[in-house]
Amino acid sequence: MPLKSSTLSIVLPAIGLALSMAYPSVAVGQNAQKPTTYEVVDPPPCTNNKGETVRFVDSQRARSGAAAGMAIRDSGGKPVVFRSNYSATPPEFQSFIDRHECAHHQTGDVDRPHPPRNSADHLMNESISDCVAILRMRDEDGYNHAAFNRVAAAMRHEMAKIGFPEISINSRISNIDNCFTKYGPPQDFVIGILKQRGLLLP
Ligand SMILES: [Zn+2]
């Protein structure tokens, strides 16, 4: 018996090494503590400001382990949301990302010149999309305050994981809290933004 187990302990690291060279991602999954994974939710209905239907596509563009979304037009010019690593975050936050990315389509961000990263205009677009997302969850999906807190907790967790400072996390959460508590229906909010931008279709 002792002989057998000592043989095993010599053989196993060798297998692990071979695996990590041939299939790095498999080896990471086996050696690291297995991260929690969640079922991926169905995407919400989404239409952009021009009335085009927005498609949701699961993708692996972002760094692994961090759930993320991207609102863009695909190579054929069709509006799309790419969903990356959604299984890494709880369903409430998956839903939030979907609606946030959809909001970039609803408010016309996707077809406007992208403001410089982290500029005031960029942060404003992000705050607007966050606001639309949380209002939709409140009015269309019946999120109460307890559900809001789960979204906020997941947001905090995800942002901390990527290395955002506490102050950015707090200000983002305080923005959605403010929207959730004080603002009217999401459609009215979106219409206000489109009006402001001269994008409201007659
Ligand atoms: Zn965004």
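This is a predicted model: local features need pLDDT of at least 70, side-chain atom pairs count only at pLDDT 80 or more; totals for chains, interfaces and linings use all residues.
Biologist: How are α5 and α6 directed relative to each other, roughly parallel or roughly antiparallel?

Modeller: Two packed helices are described by the angle between their axes and the distance between the axes. For α5 and α6 the axes are 10 Å apart and the angle is about 160 degrees. Angles over 145 degrees count as roughly antiparallel, so α5 and α6 are roughly antiparallel.

Biologist: Which residues in α6 are met by α5, and how many residues of that contact are nonpolar?

Modeller: From α5 come F148, A152, M155, R156, M159 and A160. In α6 they meet S168, I169, R172, I173 and F180. Sorted by class, the residues of this contact include one polar and two charged, and the nonpolar ones number eight.

Biologist: Now for α4 and α7: are they roughly parallel or roughly antiparallel?

Modeller: Helix α4 takes in residues 120–140, and helix α7 takes in residues 186–196. Their axes come within 9 Å and cross at roughly 155 degrees. An angle over 145 degrees counts as roughly antiparallel, and therefore α4 and α7 are roughly antiparallel.

Biologist: Does α4 pass α7 in a left-handed or a right-handed crossing, and how many charged residues does their contact have?

Modeller: The crossing of α4 past α7 is left-handed. On the α4 side are I128, C131, V132, L135, R136 and D139, which meet P186, F189, V190 and I193 in α7. By class, this contact has eight nonpolar residues, no polar ones, and a charged count of two.

Biologist: What span should helix α3 have, judging by its number of residues?

Modeller: Helix α3 runs over residues 91–106, which makes 16 residues.

Biologist: How many residues of α3 are buried, and which residue follows the helix with a positive phi?

Modeller: In α3, 15 of the 16 residues are buried, so the helix is largely enclosed by the rest of the structure. After α3 comes a residue with a positive phi, near 85 degrees: G108.

Biologist: To finish, which pattern does the whole chain follow along the sequence?

Modeller: The chain has seven helices and three strands. Of its 202 residues, 28% are buried. Read along the sequence, the pattern is α-α-β-β-β-α-α-α-α-α.

Conventions
Residues are numbered from 1 along each chain as its sequence is written. Helices (H or I, at least four residues) and strands (E, at least two) are DSSP runs, numbered from the N terminus. A residue is buried if 20 or more other C-beta atoms lie within 10 Å of its own, exposed if 12 or fewer, and partly exposed in between; C-beta atoms are placed from the backbone. The expected span of a helix is 1.5 Å times one less than its number of residues. Axes are lines fitted to C-alpha atoms, for helices over the stretch in contact, and angles run from 0 to 180 degrees between N-to-C directions. Angles under 35 degrees count as roughly parallel, over 145 as roughly antiparallel, 65 to 115 as roughly perpendicular and the rest as oblique. Two residues are in contact if their C-beta atoms, placed from the backbone, lie within 7 Å. Ala, Val, Leu, Ile, Met, Phe, Trp, Tyr, Cys and Pro count as nonpolar, Asp, Glu, Lys and Arg as charged, and the others, Gly among them, as polar. A crossing is left-handed if the near helix is turned anticlockwise from the far one by less than a right angle, and right-handed if clockwise.
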